[in-house]
Amino acid sequence: MNLHAHLELSQIAAPFECPSGVSRQTTANWIGEILRFRRSPVYNARKGIERGLQRQELIETTSLIADIVPNRCPAFSQHYISGSAEVFPFTELIAWKPEQAETEWKALPDCYGLSPHAPHTVCPELLEKAVQSGKPLAMHLAETPEELQLLRDHSGPLLEMMRQADPDYDPKKTLPGKRPMDYLQLLAAAPLSLIIHGNYLAADEMRFLAGHRETMIAVYCPRSHAYFRHSAYPLRQMLDLGVCVALGTDSTASSPDLSMAAEVRFAAAQHPAVPPETINRLASQERIQKLLLHFSGGIR
Ligand SMILES: [Zn+2]
């Protein structure tokens with residue numbers, strides 16, 4: 001099972017190259033590439049999703065996908081089956097200004113789950129609506145050190161990036177939380193939340209997730225994590241604390257392909273302290289499948 005994909009980006013053949021003279025991909029540069037791609041004439045969300053679902057390595061290794069789909073993409077917003085894969089779509093919500101929240105909310109098609117994108121791109125009003133909707137949620141959280149800095153100090157490269165996109169970007173209005181814990185506490189009120197990445201969660205935040213393991217799932221994307229050269233993923237620590245961890249590929253903009261078998265192999269190589277059979281199990285959890293299915297009204 002692949003608990004985190006952005007199939008809409010599958011027209012991107014390979015992860016974006018680092019800018020010349022730089023040793024690692026920066027978040028700001030990578031997001032800039034994504035925004036450029038989404039504005040280009042080539043981009044078509046529907047074609048991207050279809051292309052992703054047709055990829056051979058996905059067909060061969062995946063029976064369940066939690067996919068993030070753009071808002072206003074009704075054709076792929078409800079639970080569906082493609083070949084042998086069952087897809088649970090989470091419709092993306094992005095609106096950092098409180099006055100944009102209503103428009104973004106009203107544009108929602110009938111949908112399975114919701115993905116309030118990330119702390120810096122979703123205002124509290126919209127996040128609250130998502131939590132109150134009773135739908136399963138997926139949110140990027142504790143993904144980069146820049147995100148932690150923005151939450152903590154309202155400063156840093158992510159603030160500059162947001163200000164480039166919107167000179168009026170106001171972290172005081174967008175970011176009620178000072179750290180990922182504040183968001184975990186909000187998300188705990190949802191019936192199910194996928195905490196995407198969680199690369200930089202602190203120990204007390206992992207313990208919080210462990211205490212809510214029935215409804216909160218951390219999703220580790222091993223090869224995407226390596227592409228961004230993040231600090232070592234705290235997989236052993238999370239599992240020891242009792243966090244429910246699942247695996248995902250992320251998109252082909254940061255992962256070489258959509259093979260879950262390759263993710264499992266890569267994760268096993270990265271984490272020799274975790275038995276390979278444990279990592280294997282993370283990619284195939286019946287309990288999570290049942291949970292996801294529960295919110296589709298049991299329709300298969
Ligand atoms: Zn993502």
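In this predicted model, the axes of helices α6 and α7 come within 7 Å of each other and cross at roughly 80°, and the two helices are therefore roughly perpendicular to each other. Their contact is made by Glu-146, Glu-147 and Leu-150 on the α6 side and by Pro-157, Leu-158 and Leu-159 on the α7 side.

**Helix α6 and its surroundings**
- Helix α6 covers residues 145-153, and its buried residues are Glu-146, Glu-147, Leu-148, Leu-150 and Leu-151.
- These buried residues of α6 pack against α1 (27-39), α7 (157-165) and α8 (171-174).
- After α6 comes His-154, a residue whose phi is positive, near 55°.

**Helices α4 and α5**
- Helix α4, made of residues 98-106, packs with helix α5, made of residues 124-132, at an angle of about 35°, and their axes are 8 Å apart.
- On the α4 side the contact involves Pro-98, Ala-101, Glu-104 and Trp-105, while on the α5 side it involves Glu-125, Leu-126 and Lys-129.
- The residues of this contact of α4 with α5 divide into four nonpolar, no polar and three charged.

**The largest nonpolar core**
- The largest nonpolar core has 78 residues, and the members that touch the most other members are Ile-195, Ala-218, Val-219 and Val-245.
- If residues up to four places away in sequence are not counted, Val-219 touches Leu-3, His-4, Leu-194, Ile-195, Ile-196, His-197, Ala-246 and Gly-248.

**Asp-240**
- Asp-240 has its place in helix α12, which runs over residues 235-241.

**The protein as a whole**
- The secondary structure of the protein comprises 15 helices and nine strands.
- The radius of gyration is 18 Å, close to the 19 Å that the globule rule gives for 300 residues, so the protein is as compact as a globular protein of that length.
- Along its principal axes, the C-alpha trace spans about 50 × 45 × 40 Å.
- Of the 300 residues of the protein, 44% count as buried.
- Among the contacts with a separation of 6 or more, 68% are accounted for by residues 24 or more positions apart.

Methods: Residues numbered from 1 in each chain as written. Predicted model: local features only at pLDDT ≥ 70, side-chain atom pairs only at ≥ 80, totals over all residues. Axes fitted to C-alpha atoms, helices over the stretch in contact; angles between N-to-C directions. Helix = DSSP H or I, 4+ residues; strand = E, 2+ residues; numbered from the N terminus. Contact = placed C-beta atoms within 7 Å. Nonpolar A, V, L, I, M, F, W, Y, C, P; charged D, E, K, R; others polar. Buried ≥ 20, exposed ≤ 12 C-beta atoms within 10 Å, placed from the backbone. Core = buried A, V, L, I, M, F, W, Y, C linked by C-beta atoms within 7 Å. Parallel < 35°, antiparallel > 145°, perpendicular 65-115°, else oblique. Rg over C-alpha atoms; globule rule 2.2 N^0.38 Å.
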